[in-house]
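Me: Please display the model, and then let us go through its pocket, its loops and its side-chain contacts in turn.

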Amino acid sequence: MNLQALTLRHGDEERPVTFAVVGKIELQAVAALPQSMLGEAELAGFAALRFPLKRQGFLLGRLAAKRALGALLAEPDLRRIEIRSGVFGQPLVRHPRAGRIEVTLSHSHGLAVALAYPGELPMGVDLETVSAAAAATIL
């Protein structure tokens with residue numbers, strides 16, 4: 001897992017953000033991961049997922065998001081950070097110190113990224129797998 005604290009600068013203002021990267025190897029290394037990081041509602045949502053790839057994507061995304069949020073909020077117990085889905089599927093953060101802190105996340109093919117940031121500065125991340133043929137076009 002990679003965790004990076006960053007500072008956004010706009011004029012005289014500085015705002016902290018945190019970026020996290022998580023790979024599926026971390027999920028395989030921690031058998032009790034769901035119970036160690038998910039709250040009750042999140043555990044229920046996880047239990048309802050039937051397909052292994054959906055379960056893996058859910059855990060990867062939640063782990064990246066919660067690690068980014070945990071670092072930004074100085075919260076070591078990831079179970080105390082609740083992430084719900086909004087009406088458009090966007091992650092909604094619930095934590096006593098969250099205030100207007102938000103998180104954006106993406107996961108694909110065994111990798112997840114998340115960025116925790118101040119809500120007044122909206123941003124997003126996207127993670128995509130690019131084929132060799134497409135890479136030649138893009139690069």
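Reply: On a 1 Å grid over the protein atoms alone, a cavity is a set of points where a 1.4 Å probe fits but cannot get out, while a pocket is an open set with protein on both sides within 12 Å along at least five of seven lines; lining residues have an atom within 4 Å of a point. Grid points are joined across faces, edges and corners, and a volume is the space filled by probe spheres set on the points. This is a predicted model, in which local features need pLDDT of at least 70 and side-chain atom pairs count only at pLDDT 80 or more, whereas totals for chains, interfaces and linings use all residues. Residues are numbered from 1 along each chain as its sequence is written, and side-chain values use heavy atoms, with hydrogens and water left out.

Me: What is the volume of the largest pocket?
Reply: Rolling a probe the size of a water molecule over the atoms shows where empty space is left. For the largest pocket, the computed volume is about 290 Å³.

Me: Which element gives the most residues to the lining of the largest pocket?
Reply: The lining comprises 15 residues, and F58, R62, S85, L105 and H107 lie nearest the centre of the pocket. Two or more lining residues come from each of α4 (52-73), β3 (82-85) and β5 (101-108); helices (H or I, at least four residues) and strands (E, at least two) are DSSP runs, numbered from the N terminus. With 6 residues, the element that gives the most is α4.

Me: How many residues of the lining of the largest pocket are charged?
Reply: Ala, Val, Leu, Ile, Met, Phe, Trp, Tyr, Cys and Pro count as nonpolar, Asp, Glu, Lys and Arg as charged, and the others, Gly among them, as polar. On that basis the lining divides into 6 nonpolar residues, 6 polar ones and, as charged residues, 3.

Me: Is H95 buried or exposed?
Reply: H95 is found in the loop between β4 (91-94) and β5. Buried means under 20% relative accessible area, exposed over 50%, and partly exposed in between (1.4 Å probe, protein chains only). Because its relative accessibility is 10%, H95 counts as buried.

Me: What distance separates the C-alpha atoms of I81 and H95?
Reply: I81 lies in the loop between α4 and β3, and at 0% relative accessibility I81 is buried. I81 and H95 are 14 residues apart along the chain, and their C-alpha atoms are separated by 5.3 Å.

Me: Which backbone nitrogen lies 3.0 Å from a polar atom of the side chain of H95?
Reply: The residue concerned is placed in the loop between β4 and β5. Its relative accessibility is 45%, so R97 counts as partly exposed. The nitrogen that lies 3.0 Å from the polar side-chain atom of H95 is that of R97.

Me: What is the phi of A74?
Reply: Most residues other than glycine have a negative phi, and most peptide bonds are trans. A74, in the loop between α4 and β3, is exposed, with a relative accessible area of 60%. Although A74 is not a glycine, its phi is positive, at about 55 degrees.

Me: Where is H109, which has a positive phi of about 50 degrees, found?
Reply: H109 is not a glycine, yet has a positive phi of about 50 degrees. Its relative accessible area is 70%, so H109 is exposed. H109 is found in the loop between β5 and β6 (111-118).

Me: Over the face of which residue does R55 lie?
Reply: A charge sits over a ring if NZ of Lys or CZ of Arg is within 6 Å of the ring centre and within 35 degrees of the ring normal. At 4.0 Å from the ring centre, R55 lies over the face of F46.

Note on methods
Polar contact = N/O pair within 3.5 Å; in protein donor to acceptor, adjacent residues only side chain to side chain.
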